[in-house]
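The following exercises ask the reader to work through one structure step by step.

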Amino acid sequence: MDRFVITGPCRLSGAVRASGAKNAALPALAACLLTDEPVRLARVPQVRDIHTFLRLLAHLGVGHQDAEGELLLTPCGARRSADEAPYEVVKTMRASVLVLGPLLARHGHARVSLPGGCAIGVRPIDQHLAGLEALGAEVRLEHGYVDASAPRLRGARFRFAVPTVTGTENLLMAAVLARGQTVLENCALEPEVEDLAALLTAMGARIAGVGTPTLVIEGVESLGAARHEVVADRIEGGTYLIAGAMTGGDVTLVDTRPADLAPLIAKLAETGARVEVGERSIRVQGSGRLRASDLTTAPHPGFPTDLQAQFLALLTQAEGESAVCETVFENRFQHVPELNRMGAEIRVEGNTAHVHGGTPLSGARVMATDLRASACLVLAGLAAEGETVVDRIYHLDRGYEQMEIKLHRLGGRVERTASTS
Ligand code: EPU
């Protein structure tokens, strides 16, 4: 198992380009199940979750090959009739549930293992299932699997009880091939949903209301070939901006969509970092001492829960008292005890972390339990005095492409080594 050895403190400076968004590339890959024609995807990040998803797609009859740095997805014939996402895959990656909608729409049947809880919370999929039922599917839960069938889905009106990102994506992919019109209300507004709608539209789907809470979909008989470039990863990019501010550095994120990062930009400015926003770039300079700032996570366009851990790391270095309230997932403060071992002063009460900021961090051996918590500990390591060892880097590898190389180019001293224990 790999680990990172980080020697701090360091001041990051330079330019960095975000990879394509993992959470946009995953539904884009699932969308390939909706057609018999090739789909070409650019800017697909080389991260573990994508490789896992590609294995699942191969099992379901979609092959892939590299095409001049882009990913070409093609139906590979042999397993065309497979419509099951087994437990062995779903347990390693919850996003596997994204095959449910497309498989059902395309084959009239899907069997997908129930994802169960994970480190950050319970994470039910009741809204995915209720939506599919509204489209006429018969859904049964048995032996830990969702078994859904519908000879042909039919358009309907469905309102999500909570805005869910993958739930919206699943329903969107089911509705594009349903008979008639589907109206989805209270949809998630995350840029990754918009990116999926753009791909589906390029494939021939008819979707109105993109970027609003109400999506109106006119079902079509079939979808065809398309090429699509995956949107820049706002969470990965945001992580490097936070690292820049936190280390008193000067980091420019290039080839990005600043509007997707508006909530982070506002918060960075509130802490006293200097932020310059260009058309396709964001530059952050961590000038002098940072100031405390309160934060509440919320669905887009609120502050993303996927940047909460990293921003909390920054707030340990901001003078004064900050309160960070997590409203999206119920168990997303597991990085706090590890930050405290490094010298942070954070107290968690219910869904709020109270930070007494400005305490010096010192390097330690730490371990993370999920993807974003791992990124938070890497950031703390960059700001800390001495050596920090972050164990179980496989969590990071699920969603960050070449993190140690990108940090190295910015002047961070981060080394990947094989763990001996
Ligand atoms: N929820 C329900 N019922 C459902 C679905 C969701 O109650 O049927 C609740 C969840 O328990 C949660 C809230 O709704 O409290 C929002 O969850 P959502 O469904 O939006 O999360 P998700 O689709 O499972 C995606 C990302 C996560 C990201 C969240 C929130 C992907 C593959 N995953 O998960 O990304 O945190 O949206 O923005 O898109 C990550 O990349 O580290 C990550 C965890």
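**Exercise 1: the ligand**

Val 165 has a polar backbone atom 2.8 Å from an oxygen atom of the ligand. This is a predicted model, in which local features need pLDDT of at least 70 and side-chain atom pairs count only at pLDDT 80 or more, while totals for chains, interfaces and linings use all residues. Residues are numbered from 1 along each chain as its sequence is written, and side-chain values use heavy atoms, with hydrogens and water left out.

Task: identify the side chains with a polar atom close to an oxygen atom of the ligand, and describe the shell.

Solution. Step one concerns the polar atoms. In the side chain of Thr 164, an N or O atom is 2.7 Å from an oxygen atom of the ligand. For Arg 372, a polar side-chain atom lies 2.8 Å from a ligand oxygen. The ligand taken alone exposes 830 Å², of which the protein buries 85% (Shrake-Rupley method, 1.4 Å probe).

Step two concerns the shell. There are 21 residues around the ligand, and those that come nearest are Gln 127, Thr 164, Thr 166, Asp 306 and Val 328 (a residue is near if one of its heavy atoms lies within 4 Å). The shell divides into 9 nonpolar, 6 polar and 6 charged residues (Ala, Val, Leu, Ile, Met, Phe, Trp, Tyr, Cys and Pro are nonpolar; Asp, Glu, Lys and Arg are charged; the others, Gly among them, are polar).

Step three assigns elements. At least two shell residues come from each of H1 (22-31), H5 (126-134), H6 (165-175) and H12 (371-383); helices are DSSP runs of H or I with at least four residues, and strands are E runs of at least two, numbered from the N terminus. H5 gives the most, with 3 residues.

**Exercise 2: helix H7**

Solution. The 12 residues of H7 (191-202) should span 16 Å at 1.5 Å a residue, and the end C-alpha atoms are 17 Å apart, which agrees (the expected span is 1.5 Å times one less than the number of residues). Its buried residues are Pro 191, Glu 192, Val 193, Asp 195, Leu 196, Ala 197, Leu 199 and Leu 200 (buried is under 20% relative accessible area, exposed over 50%, partly exposed in between; 1.4 Å probe, protein chains only). These residues pack against several elements, including H1, H6, strand S3 (39-42) and helix H8 (234-246). After H7 comes Gly 204, with a positive phi near 115 degrees.

Methods: Polar contact = N/O pair within 3.5 Å; in protein donor to acceptor, adjacent residues only side chain to side chain. Contact = heavy atoms within 4.5 Å.
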